[in-house]
Structure formats: structure tokens, C-alpha cells
Amino acid sequence: MSGQSVTLVEAVRLAALQEMRRDPTVWVLGEDVARGGLYGQYKDFLPEFGPERVVSTPISESVIMGAGLGAALVGTRPIIEMRIFDFVMCAMDELVNQIAKIRYMFGGQAKPSVVVRMPHGIWRNSAAQHSQMLEAWFVHLPGVIVVTPSTPADAAGLLVSAIRSDDPVLFFDPKNLFPLTGEVAQVIEPIPFGKARTVREGRDLTLVSWSAILPAVEQAAATLAAEGIAADVIDLRTLWPWDEAAVCASVEKTGRLLVVQEAVTAAGFGAEVVSTVIERLGPARVKAARRLGAPRIPVPFSPPLEDAVKVTPAKIVAAAKAVMAG
Amino acid sequence: MQSTHNVQRLLDLFGTMCRIRAFETAALNAHKEGVVPGPLHVSIGQEGVATGVCLNLATEDRITSNHRGHGHAIAKGAGVQGMMRELFGRDGGHCRGKGGSMHIADFSVGMLGANGVVSGGIPIAVGAAQGLKMMRSSAIAVCFFGDGAINRGPFLEGLNWAALYQLPVLFICEDNGVSAFTATDTVTAGPGVMARAEALGVPGVSVDGNDVMAVDEAAARLVAEVRAGKGPRLLHARTFRITGHTSTDAAAWRDPASVEEAKTRDPIDRLAVVLAERGIAAADLDAVRKAAREEMDAAVADAKAAPWPQEAIAYEDVQDVGAVAYSGVSA
């Protein structure tokens, strides 16, 4: 299949476009989506699909989320656009108490086939209410799938899977990576949930990460390689389900694990990865395991302050060396 | 009460109200007996609203309900055996024992679920209406909520949305005057639900919810308007919750006189008077009540005898991908 080099935001635009052309029950609702969406991820959808399938909504997150659910219950497949992740707080009842529970509470009568798109992460000095990475919260929530891609191809393929899924899928667009370019196939094939992508192979150390911090991890891995430390770099791509087997196989080989997350370290998904690896392999086969993430403070506004909470390639290199010494 | 209704219609309304009353009375007794676990919110005294609305709906019409939803489910046609088993947490319940009283649902008759969160059904009904409209269905969505719900955000968001997109949804504000343990008028500013709906562009009608004929007439007109594509409508039905908030709430804070006065406006007894005036023998009406009691007593007996769900069922219906496997927890 011949590919095309596109930005991540264009990749997810193409994925949603492909699925809306393929299936007339797929539609999108959210603020400003008829104008193409905040990032242009729905650019030109309105002329092609019309206002019934490209629904620009009031700033009413509760009903954006809940209406998506209601429409799914009568047989449509809504893409619920939250604009910026942080705004989902205004729709938590609809997401946590309704969407995530309805299939279970009703004994399987309902399949809430929705995709909830929540562009997350640090982005252009947007401060504490527009920069959060709370993806770990949702791994803790039974009933949903948690998707955290980092490349144009993965974002596109995983969005196709998300739209076709009967399970509710929480799709965390890595908004800081929207300009990132990469190859995307003309026909975007679905990528299964729960399969990690091996970014780079090495024997000394396993680096596990996901979402917007991946480019920093790759840079760090290149620096480490230049200093003679060869890292396996694994992009989990989805946090629930997640590819425990791939991570454990890698740590079995390297014996050393560093999980890198943009989110606050405390009680983040990195803790789950480290615990699982140690439980599955046993402490004797893990020489060192660490997490690197943000300190437990809100994301500040001022550029130097924001930089202070960011995970950078230099911090990753330093943490990796500490793991090697451990 | 006017009686422009034909006698058969009145008997249908009477029969449904009696079945709801009998179901909830039987469930309440079973709860007192200790065989129904968890909280139980009954709607004794409010049966006129569920009945008068739902008898104007087709099976393919969808309803969303609230925590006090037994009446809505029965009036919409849900099977009472599956409902009673669900209340008992037994095998064969509509929700496989995973919902209970607060989460009764029967999608096969368009009952999209009771809800444990006040106003939780509003966004869902609005979305169901949007989906139905998108698919060119003739079905409509009907949303039951209480007077307490008008003080939550989804009420504002949902009515605005429904009016904005001219959705086929009928909102039913079942106004029993109490928000859990607190009189709603003591916690509600302004003139209330009708004014709020009007301000959001949703035309409404206010009726005595304990006059099932008035509810029926108003619902028939509003359902027809909604089905004709005229946009959302609201029915405000004033009623009275004779029992407490839950099965364990004696509602002792209420003036007993108000409860006694409300009992004189009981929707079932009032319709019985009309039916008597229309020539139906008291014995025939008693037979309807008795048949309802027997049906629900049989449902209780069935539920009591039903087995508990297998433990593995707890692990089912979570999600297709990423579900955790049952590995014999108690084994």
C-alpha cells in the first residue's frame, strides 16, 4: 500500500474521514467540529457529511458526552469530541457513571459504542487546566479501553479500531504531537488494542512509554546508544488493554526497566507497569526498575516553570543511567 | 375529572396503575422481609404519571428513567418476572443481577434504563432522540425525571440542546415535591420547571399527575407533536410520593396530615370512582386489583425460588476487548 507523509492531526483526520465514508452511522459531535475542530482534525467534514453528522454543539460537556451515549444506544457510532482533555471533568458523570457502567449494569443489553476523543498533555504554555495527563485514572475504570498513540500511523490505525469498536474507547490524542509527520497508508487498517510497538531494540535496558513523550524517549535512546547503552524502546500505544507480554519479554532480556511518562509519577500508569513486571518475572530477574514522570504539582504557566515539570531527553538519559547503575 | 375517555381506555389505565402498585407493594413487603437487598425507591402514589405517559407510546419509542423507575418500566411493557428477579438479585433478572432496582432496564421494550444519578437520564434521552432523528425513525424518546433534577446542570444543557436541534424528545417532570428528604421548593429559586423550560424554548404543559386521565390526554397531545417533528415538549405532572425516599426512610419529617390528604387524591382510587360512575361494577374493579396482586405475588414467589447468579457472571458484560478473565475467585 503506497503511503503518504502527513502530520499526526492530518492522519487522525483521514482516519475519521475514512470511517465516516465507510459507515453512515458514524458521526461526530463536539464544540466547533463543523468548523473543523480546534486543531483542524475535522477539517472539511461539514461540506461532505452535512450538519446532521458533523454536529457543532453548545459548550455543554455533560450532554455532549451523554447524548453520544444515548445515540449509541439506538444504533449509531458517535465520535465524542471533548476539545481538550481537561474539559471532560464537566462530563464525568456521563463518562464514569453512565458510559463505563451501562453495559454491565444492564446485564449486557447495551453496547455503548462511542469514541471519546480527549486531546491531552502539555501544550504551548496552556497552564494547569489545559495540560493535564490523567490517563491513568481511566485505566482504573472498568468498562473502557484507553488509547494513547504517539505517531501518525498509530493514531490513525487506532482511531479506526476505536470507531469500529463496540466497547467505549477513550482516545487520548497527543495534542503536542499534532504537527509531527509520518507515513500513513492510503487505506488505514485498524491496529489492535493491546499490542505495543517496538520503537528500537537493545539488550541493556527497557524503556517503556506512551503518548506525547515518545519523541523525547527516542532522542534519549539515541544519546544512550552513542554512549554504548542499547535500549529496547517500547511504545505501549494502549494502556488498557496493555501489552504486558511485550514488556515482560523485553525486561526478561535486559533485566532493567525505566518507564517514562509525561504524567505525574505518583500513582501513574508507570507504577502499574513496574508492579506487573516484578510480579510476573519475580524480583530476582529485575535488576532495577524505575519510573520517570512529573513531580506531583499542577502544570504551571510560565515557560521556565513549565519546563521544570516536563520530562526531557536529558532527564530520561539521567534516569536511564541510574537504572543501569542500580 | 372530565371523562372524555372511552371505558376501555380507562380500564387500561386502571389496570396498569394497579399492576405498578401491586408490584411495588409486593417488592416493599419482600424488602421488609429481608429478601430484597439494597435500597428500594418506590413510586407508590405516582403511578398515574408513568401510566398516563407510557400508554401513549409504541414499543419502539425509548424511555429513560430515574432511581424511582419501576412504574416506568412496567408501563412501558417490561416483563415483571425479570424485574422482580432483578430486584432480588437472582438469576434471570433483566440485568443478570448486576443492576438491581436502581438500574432496571429492558431494551426489548425500549426501556433504556433506570438511573442512580439524578438527571442522569436526561442527556441519554436527548442523544437517543438525536440518533433516532438521524436514522429517520418515527420513534421518539421520553425522559422521566423528578423535580430535584431541575437543579442539576444536565437539565439546562439537555433542554437547550433538544430545543436547539429540534429533537423528538418528551421530557416528563414528575414533580412529587421532594428532593430526597428536602422539600424541593425550599431549595429551588424562581418559579420552577415550567418557567425554566419556557426560557429554553421547550413548550410545556402542567397537569395534575394524580389525575391519570389528564396525564393521558396531555401526553397524547405532546407525544403527537413530538412525533410530528415539532421539537421537544415538556410535561409537568404534579404528584405525591406517599412513601419515603427509600424503603428504609419513614419520612417522619413530613406533616402526617399532608400524607393523609394526599391519600385522598390517590390516582387509582380516583379513577375507580370515575369507572364506577361509568357503570363498572365495584366487583370488577376489585377483580383487576386482585389479579394484579396475584401476578406480583407470583413474581415474588418465582424470584424467591430462583437461584443466585453464578459467580462467573460478575466477570461478564464488562467489555469485549481487555476484559479480565474469571478464574474461580471463591474456588
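The contact between the two chains draws 40 residues from chain A and 38 residues from chain B, where two residues touch if their C-beta atoms, placed from the backbone, lie within 7 Å. On the side of chain A that touches chain B, α3 (61–73), α4 and α5 (102–105) each supply at least two residues; helices here are DSSP runs of H or I with at least four residues, strands are E runs of at least two, and both are numbered from the N terminus. The biggest share comes from α3(A), which gives 10 residues. Sorted by class, this side of chain A holds 19 nonpolar, 15 polar and 6 charged residues, with Ala, Val, Leu, Ile, Met, Phe, Trp, Tyr, Cys and Pro taken as nonpolar, Asp, Glu, Lys and Arg as charged, and the others, Gly among them, as polar.

All of this comes from a predicted model, in which local features need pLDDT of at least 70 and side-chain atom pairs count only at pLDDT 80 or more, while totals for chains, interfaces and linings use all residues. Residues are numbered from 1 along each chain as its sequence is written, and chains are lettered from A and ligands numbered from 1 in the order in which they are written.

From α3(A), Ser62(A), Val63(A), Gly66(A) and Ala67(A) meet Gly153(B), Pro154(B), Glu157(B), Gly158(B) and Trp161(B) of α6(B). The residues of this helix pair split into 4 nonpolar, 4 polar and 1 charged.

In chain A, Arg83(A) has a positive phi, near 75 degrees, without being a glycine, and sits in the loop between β4 (77–81) and α4 (92–99). Arg83(A) is buried, with 22 other C-beta atoms within 10 Å (20 or more count as buried, 12 or fewer as exposed, and anything in between as partly exposed, with C-beta atoms placed from the backbone). In chain B, Arg96(B) is another non-glycine with positive phi, about 60 degrees, in the loop between α4 (80–88) and α5 (121–134). Arg96(B) is buried too, with 25 other C-beta atoms within 10 Å. Finally, Trp240(A) and Pro241(A) are joined by a cis peptide bond with omega about -10 degrees.
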